[in-house]
Amino acid sequence: MEKNSVQAEVASYTGKLFRDNFGKGPSSVYVSIEHPFITIYLSDFLAPMERVLVGQKNYMKVEETRDLLMQELIPEIKATLRVTADIHVENIYYDWSLKNRSGIIVGVVKEESEAEELLSLADYSNKAKVHDEIVKVSKQAEKVPEQVDSLFLNPRTLVVDRKGILVRIEKELISSGFSEQLRLSKRQLEKRLLDSSVFEKILDTPVQDIFVDWDFSLDKSYIIFILKPNKK
């Protein structure tokens with residue numbers, strides 16, 4: 001099956017899956033497949049009940065509920081990608097921008113070999129400056145990462161991979177069963193520190209969304225920048 005057909009099929013499936021489970025699906029689903037990554041970007045996605053909670057600025061309650069539901073959906077997403085698109089996803093990451101009513105799902109086919117090699121070999125304008133800013137933010141939030149890599153999956157999607165970022169107290173919280181509370185808190189903190197205006201200057205392109213998620217067991221994180229088309 002051609003890549004465009006696969007992307008269209010995955011987009012259709014994702015829209016239905018979220019509509020069936022959240023009561024309202026995204027108005028648009030954009031799928032990008034660039035081995036070993038698949039990204040699924042959801043726009044205009046906020047269920048009626050969630051809209052009430054967001055109106056009350058109760059963001060963490062919405063995110064906590066979505067996290068619980070996503071844990072149920074991830075095995076189904078993996079199985080469907082395997083059967084319909086022959087994509088064998090090893091890990092899935094996700095995050096939401098409730099204010100923008102958007103979200104991202106990132107599937108990684110091979111976490112420790114192909115993904116790392118592709119990230120390290122990829123090059124683009126001002127890559128070093130992007131990494132410097134990521135290191136600065138990471139240092140403020142936890143510690144300087146042991147490794148930072150990044151690449152553009154397409155002109156509008158920049159993926160940043162950080163490894164070795166957890167500090168000892170975070171590892172202790174994870175081992176004590178507080179992973180969800182830590183994830184919710186780190187989301188809020190890091191997304192406050194990831195200043196879109198700084199990255200807009202570095203990349204010379206408007207930033208539409210910034211997403212971040214972690215794999216605590218691997219001590220790594222992905223940051224996803226969704227860029228607006230530059231009209232210059």
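Start by selecting Arg 101 and Asp 44: they form a salt bridge, with the closest N and O atoms 4.0 Å apart. The pair links distant parts of the chain, 57 residues apart. Arg 101 sits in the loop between β3 (91-97) and β4 (102-108). Asp 44 sits in the loop between β2 (37-43) and α2 (48-55). Arg 101 is partly exposed at 30% relative accessible area, and Asp 44 is partly exposed at 34%. Keep in mind that this is a predicted model.

Next, select Arg 187 and Asp 67. Their side chains meet in a salt bridge of 2.9 Å, N to O. This pair also links distant parts of the chain: Arg 187 is in helix α7 (residues 179-193) and Asp 67 in helix α3 (residues 59-85), 120 residues apart. Arg 187 counts as buried at 1% relative accessibility; Asp 67 is buried too, at 2%.

Together with Asp 67 and Arg 187, they are linked in a network of salt bridges. The structure holds 15 salt bridges.

Move to Asp 209 in strand β7 (residues 207-215). Asp 209 is buried yet has no salt bridge. Lys 191, the nearest side chain of opposite charge, is 7.2 Å away. What does the side chain of Asp 209 make a polar contact with? One partner is the side chain of Ser 102, at 2.7 Å. The side chain of Tyr 41 is another, at 2.6 Å.

Finish on the surface. Select Ile 169, Leu 173 and Phe 178, a nonpolar patch with about 270 Å² of accessible area together. Ile 169 lies in helix α6 (residues 168-175) and is exposed, at 57%.

How values were computed:
Residues are numbered from 1 along each chain as its sequence is written. This is a predicted model: local features need pLDDT of at least 70, side-chain atom pairs count only at pLDDT 80 or more; totals for chains, interfaces and linings use all residues. Side-chain values use heavy atoms; hydrogens and water are left out. Patches are made of residues with over 30% relative accessible area and no salt bridge: like charges are joined within 9 Å, nonpolar side chains (Val, Leu, Ile, Met, Phe, Trp, Tyr) within 5 Å. Accessible areas come from the Shrake-Rupley method with a 1.4 Å probe; for residues, only the protein chains shown count as cover. Helices (H or I, at least four residues) and strands (E, at least two) are DSSP runs, numbered from the N terminus. Buried means under 20% relative accessible area, exposed over 50%, partly exposed in between (1.4 Å probe, protein chains only). Lys and Arg count as positive and Asp and Glu as negative; His and the chain ends are not counted. A polar contact is a pair of N or O atoms within 3.5 Å; within protein, one must be able to donate a hydrogen and the other to accept it, and residues adjacent in sequence count only if both atoms are side-chain atoms.
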